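Work through these exercises with the structure open beside you. Try each task before you read its solution.

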Amino acid sequence: MAADQNPPVIPGVRRSFVEARGVRFHVTEAGEGEPVLALHGWPQHHYTYRDLLGNPPAGMRVIAPDLPGYGWSGAARHQWAKEDVATDLLALMDVLGLDGKTLLVGHDWGGWVGFRMIMREPERFRGYLVCNMAHPWSPPGVVARQAWRILAYQPLMATVGVPLQRRTRFLEALFSAAAKGETRFDRETIAIFADRFKDPLVARTARDTYRTFLLKEIPASVRNPERRRVSVPVRALFGKDDAAVHYSLAAEETARADDYTLEMVEGCGHFVVDERPELVRAQLIELADQTR
C-alpha cells in the first residue's frame with residue numbers, strides 16, 4: 001500500500017513547514033493565546049492531538065509538530081537519539097518565537113523527549129503534562145521487572161521494523177488491540193496513523209528510534225543513571241491498562257522532581273490521548289491554571 005501523501009483533515013487548523021536545525025518540520029496549530037507544544041509518539045503523528053487542535057481550549061495556542069522523520073516532517077540529521085530530538089525541538093521553539101513560558105504536552109516517545117527538554121531548559125516551560133510514559137528516574141529493580149514489555153516488540157522494531165511497518169498489518173493489529181474499555185480506534189483513524197508508516201522515511205525513523213534506544217541509550221543509562229532534577233511542575237496522566245509501559249515506571253515516589261503527580265485512568269490503555277481526550281484537556285487546563 002502506498003503511503004498517504006496528504007495530512008488528515010482537521011477543520012480550522014493552520015499548517016506550515018518550518019526549518020529548524022536542519023529539519024523541515026510540519027507544524028499544525030490552532031487557537032490563540034498561551035502556547036502549548038504537544039509532542040506525539042510512535043506509531044503516530046500530530047493527529048493524536050486532533051481533539052485539542054479541532055477545539056483548542058480558550059486562550060491557548062496548541063502547536064503540534066510532527067517529530068523529525070515522523071508524519072510529514074523531514075528527516076533528522078541523526079539516528080534519533082532522544083537528546084538530539086530534544087535539541088531539534090528546542091530549536092523549533094526558537095524559530096516559532098516561543099521564548100516565554102510554554103506549556104508542554106508529551107505522549108509516548110514525545111513524553112520521553114519532553115523530559116529532556118524540561119531538564120535542559122526549565123526556564124522555557126511553565127508546566128509539563130506527560131501521558132503514558134515512564135519518567136527517567138525509575139530504579140533498576142523496577143525497570144528489570146518490566147523489561148519483558150520492551151522485549152515483546154522493541155527488538156523486532158529495531159531489526160526488521162521497516163518491512164514490518166511497510167509490508168504487514170502489524171500496526172493495524174496493534175491499534176485494534178491497544179484501546180481498552182469502550183474506546184476503540186475506528187478503521188479510518190487506524191489507517192490515518194498506520195498508512196503513514198508505509199513511507200520508507202517514516203518507517204526508517206521508527207526503526208532508528210528503537211535501534212538507538214536499545215543499542216546506545218539503555219546501555220548509557222545503566223552506566224550513568226539520570227540524576228538531573230526537574231523544577232518544572234509535572235502532571236503524569238496514565239492509562240492503567242497500558243501493555244507497553246507499566247505505571248510503576250512513572251511512580252511519584254521515585255520521581256526526582258519538585259512538583260510531580262501521577263493520575264491513573266482506569267479502563268484505559270496506552271493511547272490515553274486518543275482514548276480519553278476529555279481528561280487530557282481537563283488536565284491541561286488545570287495545569288495552566290495552577291502555573292499562572
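**Exercise 1. Find which residues line the largest cavity, and sort them by class.**

Step 1. The largest cavity is lined by Thr 48, Tyr 49, Asp 51, Leu 52, Val 273, Pro 277 and Val 280. On a 1 Å grid over the protein atoms alone, a cavity is a set of points where a 1.4 Å probe fits but cannot get out, and lining residues have an atom within 4 Å of a point.

Step 2. Helix H1 (50-54) and helix H11 (277-290) are the elements that give two or more residues to this lining. Helices (H or I, at least four residues) and strands (E, at least two) are DSSP runs, numbered from the N terminus.

Step 3. The classes are 5 nonpolar, 1 polar and 1 charged. Ala, Val, Leu, Ile, Met, Phe, Trp, Tyr, Cys and Pro count as nonpolar; Asp, Glu, Lys and Arg count as charged; the others, Gly among them, are polar.

Step 4. The volume of the largest cavity is about 40 Å³. A volume is the space filled by probe spheres set on the grid points, which are joined across faces, edges and corners.

A note on the model: it is predicted, so local features need pLDDT of at least 70 and side-chain atom pairs count only at pLDDT 80 or more, while totals for chains, interfaces and linings use all residues. Residues are numbered from 1 along each chain as its sequence is written, and side-chain values use heavy atoms, with hydrogens and water left out.

**Exercise 2. Describe the largest pocket: its volume and its lining.**

Step 1. The space in the largest pocket is about 1000 Å³. A pocket is an open set of grid points with protein on both sides within 12 Å along at least five of seven lines.

Step 2. Its lining has 37 residues. Nearest its centre lie Trp 112, Pro 136, Val 143, Phe 213 and Ser 221.

Step 3. Among the elements that give two or more residues are H2, helix H3 (109-120) and helix H9 (200-223). H9 gives the most, with 7 residues.

Step 4. By class, the lining holds 21 nonpolar, 7 polar and 9 charged residues.

**Exercise 3. Trace helix H2 and the largest nonpolar core.**

Step 1. H2 covers residues 82-96, 15 residues in total. From first C-alpha to last, H2 reaches 21 Å, close to the 21 Å expected at 1.5 Å a residue. The expected span is 1.5 Å times one less than the number of residues.

Step 2. Buried residues in H2 include Val 85, Leu 89, Leu 92 and Leu 96. Buried means under 20% relative accessible area, exposed over 50%, partly exposed in between (1.4 Å probe, protein chains only).

Step 3. The largest nonpolar core has 59 residues. H2 provides its largest share, 8 residues. Such a core is a set of buried Ala, Val, Leu, Ile, Met, Phe, Trp, Tyr and Cys residues joined through side-chain atoms within 4.5 Å.

Step 4. Trp 42, Leu 89, Phe 115, Met 117 and Ile 118 have the most contacts inside this core. Leaving aside neighbours within four places in sequence, Phe 115 is in contact (heavy atoms within 4.5 Å) with residues including Tyr 128, Trp 137 and Tyr 260.
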